[in-house]
Amino acid sequence: MTYGFASIVLAVTGGVLVIAGLLFFRQPRWLLGWLKGTAVFGVILAGLYALVIAKNLASYQSLEGIPTVATISTQRQAEQIWRVTLETEDGRVEERTLRGDQWQVDVRMIRFSSPLGWLGISPAYRLDSLSGRYTALEQARTAPQTEISLAPNSRLDLWQLDRQLHLPFVEGVSGKVAFMPMRDGATFKLRLSAAGLVAVPANDQARAAVQLWDQ
């Protein structure tokens, strides 16, 4: 099931449940005791939960069939100052300036269990932040650090809510690629699976930077 269709199904389900629950309050004679009242609150909460999930799916991408989630290129601007271009698979381009010798990308992943799993929703991901790091210990302690958010602002972030409240049927997982060297003209592919994020050199400059770094 595509994320667009899953979002529609969850949004409609959530809306129907919330409206059905509120209709009970407009007709008090339908409330036959405490059990029915409790059931009404349960229906409303289930509807609101479905709406929150539907809203968050719009800001995440499906892992299904997407081995490469982004491409990162680095261009040297000055000593330990780099212009980093990140292009996602959906065509979004981010250009940022990083300081340091290495770069890293953090990602947020959400896994779904039953009953949401019955909808066929595959694990979701969202690129969270891009950061730079100095290899020299003294610089790492004293020099300005760069960390740039890649995620949209959201008051109801499903990943954050799960980390704080341990929500049912979803699991928020954090992942990050190991710090990779920055080199003029280097390009890396970011590949994501349910196990985590991996940076793969995509041109000669990136391969040379990794080989030099590993020595």
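1. Burial and surface. In this predicted model, 42% of the 215 residues of the protein chain count as buried. The accessible surface of the chain comes to about 11900 Å². Carbon and sulfur atoms hold 58% of that surface.

2. Fold content. The chain has five helices and 11 strands. Among contacts with a separation of 6 or more, 61% join residues 24 or more positions apart.

3. Threonine 88. This residue lies in strand S3, which covers residues 81–88. Threonine 88 counts as buried because its relative accessible area is 9%, under 20%. Leaving aside residues up to four places away in sequence, threonine 88 touches Val69, Ala70 and Leu127.

4. Glutamine 80. Check the backbone here. Glutamine 80 has a positive phi of about 60°, although it is not a glycine. The residue sits in the loop between strand S2 (68–78) and S3. Glutamine 80 counts as buried, at 17% relative accessibility.

5. Glutamate 79 and arginine 76. These two form a salt bridge, with the closest N and O atoms 2.9 Å apart. Glutamate 79 is exposed, at a relative accessible area of 59%. Arginine 76 is partly exposed, at 45%.

6. Glutamate 95 and arginine 83. Their side chains meet in a salt bridge at 3.5 Å, N to O. The pair links distant parts of the chain: glutamate 95 is in strand S4 (residues 93–99), arginine 83 is in strand S3, and they are 12 residues apart. Both ends are partly exposed: glutamate 95 has a relative accessible area of 40%, and arginine 83 has 29% relative accessibility.

7. Arginine 207 and aspartate 204. This salt bridge has an N to O distance of 2.9 Å. The two residues are separated by about one helical turn, because they are three residues apart in helix H5. Arginine 207 is partly exposed, with a relative accessible area of 36%. Aspartate 204 is exposed, at 57% relative accessibility.

8. Salt bridges overall. The count comes to eight. Arg92, Glu94 and Arg96 are linked in a network of salt bridges.

9. Tryptophan 213. Which helix holds tryptophan 213? Its place is in helix H5, residues 204–214. At 37% relative accessibility, tryptophan 213 counts as partly exposed. Residues up to four places away in sequence aside, tryptophan 213 touches Gln102, Phe179, Met180 and Pro181.

Note on methods. Residues numbered from 1 in each chain as written. Predicted model: local features only at pLDDT ≥ 70, side-chain atom pairs only at ≥ 80, totals over all residues. Heavy atoms only, no water. Helix = DSSP H or I, 4+ residues; strand = E, 2+ residues; numbered from the N terminus. Buried < 20%, exposed > 50% of the residue type's maximum accessible area, 1.4 Å probe, protein only. Contact = heavy atoms within 4.5 Å. Areas by Shrake-Rupley, 256 points an atom, 1.4 Å probe, with all protein chains shown as cover. Salt bridge = Lys/Arg side-chain N within 4 Å of Asp/Glu carboxyl O.
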